[in-house]
Amino acid sequence: MFDKMVMGKFYRNAKTPKDIPWHREEPEAFVVDILKKRKPGRALDLGCGTGAFSVYLAKQGYEVTGVDMFPRALEMGKEHAKREGVKVNWVEADLFTWKPPQKFDFILDSGCLHALVGGSLPKYKEQLVSWLAPGGDFVLGHWGKKHALDWLPIGPRRRSRNKIDKLLSPELKEMQFEQTLMTGIPKPFGPTVMGMGF
């Protein structure tokens, strides 16, 4: 609950997306490489924030739905999509109860899982599996746990690669992995991110 309040305050006080510490204009090279290997379809940007990645996906030819629980984040996403001349279906929803009318060929989680504080990890997985179309791809950008003491009382919940693999098995199988050191992102958010493709 506290993390939700902190994140909500960042969004309410932000004049532009650049005021959000975790905002990035484009997805990591890991995500871009995966997108190059597949043809566009229906995409879900889970926990889309300010919508930069939703807009990126739309520009690559995807039919995109961006979901977030923070209204101000979605407002910024809508403004960005309008400036870029792309269409995105923006949805304000709680991921634990949201039921989309269709499944998705590509799901991107670039910050949603590690921001779950009061939510149930098994329920997250149940929802994710129900949203993914047969043969679809799921890409997870997650703040990785560097060592046993890598923990902070607020900010992203760091999990090891092994823990994430156990969480998503057996329905999802890791196909690709990359670890990147992100710079310029202040604590408690930075500095290491794992990219995983399922």
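**Exercises: a ring pair and a helix**

Tyr 62 is buried, as is Phe 106 (buried means under 20% relative accessible area, exposed over 50%, partly exposed in between; 1.4 Å probe, protein chains only). We're in a predicted model, where local features need pLDDT of at least 70 and side-chain atom pairs 80 or more, while totals for chains, interfaces and linings use all residues. Residues count from 1 along each chain as its sequence is written, and side-chain values use heavy atoms, without hydrogens or water.

**Exercise 1.** Work out how the rings of Tyr 62 and Phe 106 sit together.

*Step 1.* There are 3 aromatic pairs in the structure (Phe, Tyr or Trp rings, six-membered for Trp, with centres within 6.5 Å; planes under 30 degrees apart are stacked, over 60 edge-to-face, the rest tilted).
*Step 2.* For Tyr 62 and Phe 106, the centres are 5.8 Å apart and the planes meet at 45°, so call this pair tilted.

**Exercise 2.** Is helix H3 largely enclosed or open?

*Step 1.* Go through residues 52-59: 7 of the 8 are buried, so H3 is largely enclosed by the rest of the structure.
*Step 2.* Among the buried ones are Phe 53, Tyr 56 and Leu 57.
*Step 3.* Look for the neighbours: the buried H3 residues pack against H2, E1, E2, H4, E3 and E4 (contact: heavy atoms within 4.5 Å).
*Step 4.* After H3 comes Gly 61, with a positive phi near 100°.

Key. Helices (H or I, at least four residues) and strands (E, at least two) are DSSP runs, numbered from the N terminus.
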